[in-house]
Amino acid sequence: MAESFSAAVAEQLRQNLGAALQALTGENVEWGEFAAQLLSQLLISIFYLALFVTAYLLVIGAIRLVIGKQRAQQPLFSQVRSGVRYLAGLGALLVILAQFGASPEFLKAMARAGLMVLGFFIAWMIVGRLMKEAVTRYRLDPSIRQLVENLFSVFAGTLALVTVLAQFGFDVISIIAGLGIVGIAVGFAAQSTLSNFIAGITLLIERPFHIGDWVTINGQDGKVVKIALRTTWLRTRDNIFAMIPNDSVASSDIINYSAEGATRLNIPVGIAYKESAKAAREVLMPVLLGHPEVLQGPGKEPRVMLKSLGDSSQDLEVKVWITPDNLDIQPRIMADILEQMKAALDAAGIEIPFPHLQLFIDDAKGLKPIVEPLYPKLAGG
């Protein structure tokens, strides 16, 4: 039963394939002749493929022997090897297609298109190398190089696609006009995206901040982790990522805490009026000088200054400097310094005042029924 069913399925498939081939070729297909021809073409194709692979291996081996093993480890040799591999694959593809009856016009068009793609790829590598050298020579920001590479990749890819299509008889002028119309339509439909894109280019050129800087943008504090063409990414100290549109970044106030190197922290401390500011300074300075995160270099010495005279306290201000790398843990450093200063003042017996209220009651006869039972002596006196 199973064998008869399989035979029926195979016969139906043979009839369907025969009808399809007859519709394409206009002739009756002899399956034996067709199978023999197909097999011979496959064997010839495999032979040509092996021939091109052998030629590729011989060429690469010869180049490696000429330049030596040390130069063969450089990126340039890898790029040359990729080019030779591409040419070998293109040649093998053209020969195999010719075995299966591809027309000479189609093969010529494919050969021209393949060589043009290789030319665009070589141009892209050369431009990329020149941009890398320019970035190193003129000490440009790597983000600018990435921006130029992305723009050039889009331009080169579009031009290569149009050129390749032209080799197969497509109307290039119509394609370019269609792309222009589509670009205009997309521009009107995505004005916000284009605005962010242009703002992203402006930020990459003006460089108000770099990756790794601590900034405040639109009231949001964070570390810059990525500058994309549409958004700027910040990471807060709570490890929360915020993506701010570049249009909003470019039009807002930007505070950069890392641009000039070390950052100064101002920590307020209050002492009672009966205490001496000089004595408090002598107690606090050893704490600041002994803290590992506080800078001690010239112009960055820690200081304790009397800032103002408050309502109930002498207001001191502790000024210390930290490195840009420690901005990630700035709140922890401030809390640690404040805790150590509190312990030092307590140990020295210097009072830290706190707000309190003192109430005086003079001849408050209306409160006598309430106060007398609780405080007989006070009420009688």
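# A guided look at a predicted chain

Visitor: Is T236 buried or exposed, and at what relative accessible area?
Guide: Buried means under 20% relative accessible area, exposed means over 50%, and partly exposed is in between, using a 1.4 Å probe and protein chains only. T236 falls under the 20% limit and is therefore buried. Its relative accessible area is 11%.

Visitor: What kind of model is this?
Guide: Residues are numbered from 1 along each chain as its sequence is written, and side-chain values use heavy atoms, with hydrogens and water left out. Local features need pLDDT of at least 70, side-chain atom pairs count only at pLDDT 80 or more, and totals for chains, interfaces and linings use all residues, for this is a predicted model.

Visitor: Where does T236 lie, and which residues is it in contact with?
Guide: Helices (H or I, at least four residues) and strands (E, at least two) are DSSP runs, numbered from the N terminus. T236 lies in the loop between β3 (231-235) and β4 (241-245). With contact meaning heavy atoms within 4.5 Å, and leaving aside neighbours within four places in sequence, T236 is in contact with W214, Q220, D221 and G222.

Visitor: Which ring does the charged end of R237 sit over, and how far is it from the centre?
Guide: A charge sits over a ring if NZ of Lys or CZ of Arg is within 6 Å of the ring centre and within 35 degrees of the ring normal. K226 meets this rule over the ring of W233, at 4.7 Å from its centre. For R237 the ring is that of W214, and the distance is 4.3 Å.

Visitor: How many residues apart are K223 and R237 along the chain, and what separates their C-alpha atoms?
Guide: K223 is found in strand β2 and counts as partly exposed, because its relative accessibility is 21%. Leaving aside neighbours within four places in sequence, K223 is in contact with residues including W214, W233 and D328. K223 and R237 are 14 residues apart along the chain, and their C-alpha atoms are separated by 8.2 Å.

Visitor: What is the relative accessible area of N239, a residue with a positive phi?
Guide: Most residues other than glycine have a negative phi. N218, in the loop between β1 (214-217) and β2 (220-227), has a positive phi of about 55 degrees and is partly exposed at 47% relative accessibility. N239, in the loop between β3 and β4, has a phi near 60 degrees. N239 is exposed, with a relative accessible area of 53%.

Visitor: How far apart are the end C-alpha atoms of α10?
Guide: The expected span of a helix is 1.5 Å times one less than its number of residues. α10 (residues 330-347) has 18 residues, so it should span 26 Å. The value in the model agrees, at 26 Å.

Visitor: What arc do the buried residues of α10 cover?
Guide: The buried residues of α10 are Q330, I333, I337, M341, A344 and L345. They lie on the same side of α10, because the arc, taken from the directions from the helix axis to the C-beta atoms, is only 95 degrees.

Visitor: What do the buried residues of α10 pack against?
Guide: The face of α10 turned away from its buried side carries the exposed residues E339 and A347. The buried residues themselves pack against β6 (263-271), α9 (277-289) and β8 (314-322).

Visitor: What covers the buried residues of α9?
Guide: α9 has 13 residues and reaches 18 Å from its first C-alpha to its last, close to the 18 Å expected. Its buried residues are A277, A280, V283, L284, V287 and L288. Covering them are elements including β6, β7 (303-309), β8 and α10.

Visitor: Where does UniProt place the feature "transmembrane region", and how far apart are the end C-alpha atoms of residues 42-63?
Guide: UniProt positions are given in the numbering used here, feature names are shortened, and annotations may be inferred rather than shown by experiment. The unreviewed entry places the feature at residues 42-63, 84-103, 109-127, 147-166 and 172-190. Residues 84-103 are 80% helix and 0% strand, with end C-alpha atoms 26 Å apart. Residues 42-63 are 100% helix and 0% strand, and there the distance is 32 Å.

Visitor: How many helices and strands does the chain have?
Guide: Buried residues make up 26% of the 381 residues in the chain. The secondary structure comes to 12 helices and 8 strands.
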